[in-house]
Amino acid sequence: MDNSLTLVSHELCPYVQRAAITMMEKGLPFERLDIDLAHKPDWFLRLAPLAKTPVLLAGDRAIFESAVICEYLEDTAGPPLYPTDPLERAQQRSLVELASAILANIAGLYSATNGELFTEKATALRSQFETMESTLEAQPYFNGEAFGMVDAAFATAFRYFDVFDTIGEFGILQQLPKLQRWRAWLAARDSVARAVTADYPALLLDFLRRRDSHLAGLIPYQSAGTPSKDGAPA
Ligand SMILES: N[C@@H](CCC(=O)N[C@@H](CS)C(=O)NCC(=O)O)C(=O)O
């Protein structure tokens, strides 16, 4: 039986990172296969009816949608990243959905074509992160000592702000002390750090700069750009 795992990926995709973090936390070896989302290969379109990364190839079978991939990994390999109590488990799945809504607003933020739309997205994000600030109780991770799926989901959202913070101060994460502490702990986690390549910040900045957006206009010009990368991260 073929037990190999291949994660069909895009180098900037936060949903890919969730799956990668989950596999690393579970000690599962996997290969990563990056594709160009601007020129999707036919073999990818055959495997991925929604035409989105990530897709996990488990042997000769394909699973799409990051939440479903993570559920499969949770069902088949330890250590568990969700609590066993069904109600707590459901509540944490809800928070993973909140993280997805945050990613959608982040995409809205960096795609906003004027200051008004940008402020609208920044305000929505602020409110969503305030909800998390009031939900956070334990530390260093969401459940305390053990890293879990809520951590994996939010780590990928926080990573955007490491680059956004170099562009400007947008009032989204400020004065949220518990969240900031959590963000720092997550960034220091090995699986989170290794879910992207070392040139991720430069690639993301390059991706942001190439958009026809309000945010792109705020990025200072740098002559030494990174190579062009097509495709959308969210
Ligand atoms: N709900 C999906 C979202 C995945 C998603 O939006 N992936 C983006 C890249 S981060 C994508 O493939 N977009 C298609 C495109 O850019 O054409 C999941 O959780 O897996």
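Predicted model: local features only at pLDDT ≥ 70, side-chain atom pairs only at ≥ 80, totals over all residues.
Next, display the largest nonpolar core, which has 68 residues. Ile 106, Phe 129, Phe 154, Trp 182 and Leu 208 are those with the most contacts inside it. Select helix H6 (residues 149-167), which gives the most to this core, with 13 residues.

Centre the view on Leu 208. Leaving aside neighbours within four places in sequence, its contacts include Tyr 110, Val 163, Phe 164, Ile 167 and Ile 219. Then turn to a second, separate core of seven residues, among them Ile 35, Leu 37, Ala 48 and Leu 57.

The charged pairs follow; the structure holds nine salt bridges. Select Arg 93 and Glu 71, whose closest N and O atoms are 2.8 Å apart. Arg 93 lies in helix H4 (residues 86-111) and Glu 71 in helix H3 (residues 66-76), so this pair ties together parts 22 residues apart in sequence. Arg 93 is partly exposed, at 32% relative accessibility.

Move to Asp 206 and Arg 210, a salt bridge with its closest N and O atoms 2.8 Å apart. Asp 206 is buried, with a relative accessible area of 4%, whereas Arg 210 is partly exposed at 47%. Finally, select Asp 162, Asp 165 and Arg 183, which are linked in a network of salt bridges.

Conventions
Residues numbered from 1 in each chain as written. Heavy atoms only, no water. Core = buried A, V, L, I, M, F, W, Y, C linked by side-chain atoms within 4.5 Å. Buried < 20%, exposed > 50% of the residue type's maximum accessible area, 1.4 Å probe, protein only. Helix = DSSP H or I, 4+ residues; strand = E, 2+ residues; numbered from the N terminus. Contact = heavy atoms within 4.5 Å. Salt bridge = Lys/Arg side-chain N within 4 Å of Asp/Glu carboxyl O.
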